[in-house]
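Colleague: I have the model open next to the sequence. Can we go through it together?

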Amino acid sequence: LASMWPGTVHGAEVLETNESALAELPARPAVLHVASHAIADDRDPYASHISLAPDSLADGLLHGAEIGLLDLDGSLVVLSACETVEGPLHAGEGLLGLQRSFAATGASGVLATLWPVGPSAAALVGFFYESLVEGDPPVTALHRAQLRMLENPETEHPFHWAGFVLQQPR
């Protein structure tokens, strides 16, 4: 991604971060891309977490409650990690997973996963960003990325592309 958008992304820096730095972003990013390991907890939505680098101020486990403290109003959040939609199902609320926590921050959209993803996720996300750079809205960019995965015999199986879903709460 950094090679696609060297230095900046529409005015936002491309950076690698840890939990503390994420909590203190100087400005809302246009796109927040999280490529990491995620753990979904089917009993407690706030126990679900994304693994980031620990530091002297934080354990490196970004939990649902901590996500809720972020100000991502208007940002597109891309969660390239396993099972980021997964969480407990509450009547009238739906699944309360990491995707839901990021949506509650005011994000304009959250791209998340329904099941474990493999190395092919990088190709899908790359195609997604190529379409965004060309000016497509996120829903069109995801659709185009999924179609490109279908064109390749090595990634045509739905495992490689169908687990990515886009939630646009607004």
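Colleague: Start with the helix pair: is the crossing of α4 and α5 right-handed or left-handed?

Modeller: The crossing of α4 and α5 is right-handed. Keep in mind that this is a predicted model.

Colleague: At what angle do α4 and α5 pack, and how far apart are their axes?

Modeller: Helix α4 covers residues 120-133 and helix α5 residues 138-151. They pack at an angle of about 135°, and their axes are 8 Å apart. The two helices are therefore oblique to each other.

Colleague: Which residues make that contact?

Modeller: From α4, the contact uses S120, A123, L124, F127, F128, E130, S131 and L132. From α5, it uses P138, A141, L142, R144, A145, Q146, R148 and M149.

Colleague: How do those residues of the α4 and α5 contact divide into nonpolar, polar and charged?

Modeller: There are 10 nonpolar residues, three polar and three charged.

Colleague: Stepping back, how many helices and strands are there in the protein?

Modeller: The protein has five helices and 11 strands. Of its 170 residues, 42% are buried. As for contacts with a separation of 6 or more, 66% come from residues 24 or more positions apart.

Colleague: What about the largest nonpolar core, and which residues have the most contacts inside it?

Modeller: That core has 20 residues. Those with the most contacts inside it are L32, I50, L62, V77, L79, F102 and V110.

Colleague: Which elements give two or more residues to this core?

Modeller: They are β3 (31-35), β7 (76-80), α3 (98-103) and β10 (109-113). Helix α3 gives the most, with three residues. As general background, nonpolar side chains in soluble globular proteins tend to be buried together.

Colleague: What is L32 in contact with, leaving aside its neighbours within four places in sequence?

Modeller: L32 is in contact with L22, L72, L76, V77, V78 and F102.

Colleague: Which residues does the second, separate core include?

Modeller: The second core has 16 residues, and L76, L124, F127 and A141 are among them. L124 and F127 of α4 and A141 of α5 are also in the contact between those helices.

Colleague: Where does T105 lie?

Modeller: T105 lies in the loop between α3 and β10. T105 counts as buried, at 7% relative accessibility. Leaving aside neighbours within four places in sequence, its contacts are I67, G68, L70, D71, L72 and D73. I67 is also touched by S101.

Colleague: What is the phi of E83?

Modeller: E83 has a positive phi of about 50°, although it is not a glycine. Most residues other than glycine have a negative phi. E83 lies in the loop between β7 and β8 (89-90).

Colleague: Last one. Where is the place of G118?

Modeller: G118 is in the loop between β10 and α4. G118 counts as partly exposed, at 22% relative accessibility. G118 and S80 are 38 residues apart in sequence and 9.9 Å apart in space, C-alpha to C-alpha.

Methods: Residues numbered from 1 in each chain as written. Predicted model: local features only at pLDDT ≥ 70, side-chain atom pairs only at ≥ 80, totals over all residues. Heavy atoms only, no water. Core = buried A, V, L, I, M, F, W, Y, C linked by side-chain atoms within 4.5 Å. Buried < 20%, exposed > 50% of the residue type's maximum accessible area, 1.4 Å probe, protein only. Helix = DSSP H or I, 4+ residues; strand = E, 2+ residues; numbered from the N terminus. Contact = heavy atoms within 4.5 Å. Axes fitted to C-alpha atoms, helices over the stretch in contact; angles between N-to-C directions. Parallel < 35°, antiparallel > 145°, perpendicular 65-115°, else oblique. Left-handed = near helix turned anticlockwise from the far one by under 90°. Nonpolar A, V, L, I, M, F, W, Y, C, P; charged D, E, K, R; others polar.
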